[in-house]
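The following note concerns strand pairing and aromatic contacts. Please read it beside the sequence and the structure.

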Amino acid sequence: MQTVQTQGGHTIALEIRDPLDGGASDLAPVLCVSGGPGLPSSYLHPLVPLLGGRRTIFFDLPGCGASDAPSEPHSYGTDDCVADFCDVVAQLSAKFGLTRAHLLGHSWGGVLALAALLRGRFFEMRLCSLVLLSAGASTTSLLAEARRLREWIRRGEEMRIFKERLAARQQAETLPGAGGLGGPEHAPTEIQQSPYEESMDAAEELFFAKHECRVKPVPDCLRDARNEVSSMYKASRNLESFDVASELAERMGEPAEEAATREGAVEFGTLPVLVLRGEDDFCTQKCVQPVLGTSATMPQKAQLKLVRCACLTAAYRCFWLLTAASLDLLPSSEEGIIPEAGHYSFLENPEEFSRQVIAFLERHEAS
């Protein structure tokens with residue numbers, strides 16, 4: 001493990017992992033930005049064998065993992081995160097001689113990566129591409145979609161529990177006993193939760209199993225990281241709400257000559273971007289749309305073609321497939337969906353994740 005010092009006085013722990021198969025030294029490494037906020041970067045370590053023989057760089061933000069906590073944690077906000085991240089990039093260039101890299105940001109880390117590219121100065125570092133993994137331009141939309149999906153599941157669970165209890169009550173009424181309620185021997189031995197309370201517990205479990213991580217048991221790296229989430233990030237509302245959608249929209253419509261005046265800034269019109277998420281991810285199409293279609297000069301909106309595929313099975317079920325048949329998006333943006341995966345697709349479907357990401361990185365290795 002290495003450390004670098006930021007201008008804000010924070011000691012940041014970073015780790016440069018060589019590929020397990022030896023890899024090729026001439027390939028641009030991948031700099032990974034973890035999510036949460038507050039998750040240590042260790043949960044991203046399974047990415048190492050999935051990136052096509054590239055070196056992989058991980059780092060922990062202040063207060064996370066092996067990095068020191070800020071001296072005034074309650075005042076530490078998103079602007080501080082951006083500044084520290086840009087300092088890490090600068091140190092990778094100055095201290096370790098890194099001249100180019102691919103950037104991969106997961107969830108909240110993807111929003112941080114976008115903010116850093118919009119506001120930061122990357123000195124001698126040349127960015128080959130950006131992978132936004134289960135990330136859009138706003139944590140607000142991510143949290144809103146997660147709440148919506150949780151409530152959808154909770155309502156379904158509440159109805160299921162209500163029906164089960166109603167059926168049990170109706171059955172009890174047919175049993176002999178006082179009042180037609182089955183007598184005291186059939187009464188519950190302890191006070192039951194209300195259907196609402198019980199549905200809340202069930203919904204959280206079902207939400208995680210479908211929209212976050214389908215792997216059972218939960219992989220050690222993810223379980224440990226979730227148990228080690230920095231309390232500083234849990235308590236800080238300054239870090240939870242992170243929105244760069246409007247800023248991104250403004251930059252996408254910026255004239256090229258104006259963009260050229262920004263020292264070290266990334267030209268978003270030409271930066272190759274892969275927006276990748278699981279098919280059951282709570283990072284939905286609504287979350288990623290600002291990244292895919294924010295350009296003021298975009299000739300037309302994305303056109304999605306619905307293709308109905310009727311599959312003749314015993315139950316004659318029909319499946320609807322949503323395909324990007326005619327996507328008029330930003331010239332350098334691509335969208336990818338990982339089947340049978342939620343928010344942690346690299347853990348849930350590593351083969352398909354690796355196939356899509358490697359293909360993208362190889363196309364933009366010399367960007």
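1. The model is predicted.

2. Strand β6 itself spans residues 126–133 and is mostly covered, with 7 of its 8 residues buried.

3. Turning to the rings, the model contains 6 aromatic pairs. One of them is the stacked pair of Phe-59 and Phe-85, with 5.6 Å centre to centre and 20° between the planes. Phe-59 belongs to strand β4 (residues 56–59) and Phe-85 to helix α1 (residues 78–94), so this pair ties together parts that are 26 residues apart in sequence. Phe-59 and Phe-85 are both buried.

4. The pair of Phe-207 and Phe-282 is tilted, because the ring centres are 5.7 Å apart and the planes are at 35°. Phe-207 lies in helix α4 (residues 195–212) and Phe-282 in the loop between β7 and α10 (285–292), so the contact ties together parts that are 75 residues apart in sequence. Phe-207 counts as buried at 1% relative accessibility, and Phe-282 counts as buried at 10%, since the cut-off for buried is under 20%.

5. Phe-207 has a further contact: the charged end of Arg-150 sits over its ring, 4.0 Å from the centre.

6. Finally, one aromatic cluster is formed by Tyr-43, Tyr-344, Phe-346 and Phe-353.

Technical notes:
Residues numbered from 1 in each chain as written. Predicted model: local features only at pLDDT ≥ 70, side-chain atom pairs only at ≥ 80, totals over all residues. Heavy atoms only, no water. Buried < 20%, exposed > 50% of the residue type's maximum accessible area, 1.4 Å probe, protein only. Helix = DSSP H or I, 4+ residues; strand = E, 2+ residues; numbered from the N terminus. Phe/Tyr/Trp six-rings, centres within 6.5 Å; stacked < 30°, edge-to-face > 60°. Lys NZ or Arg CZ within 6 Å of the ring centre and 35° of its normal.
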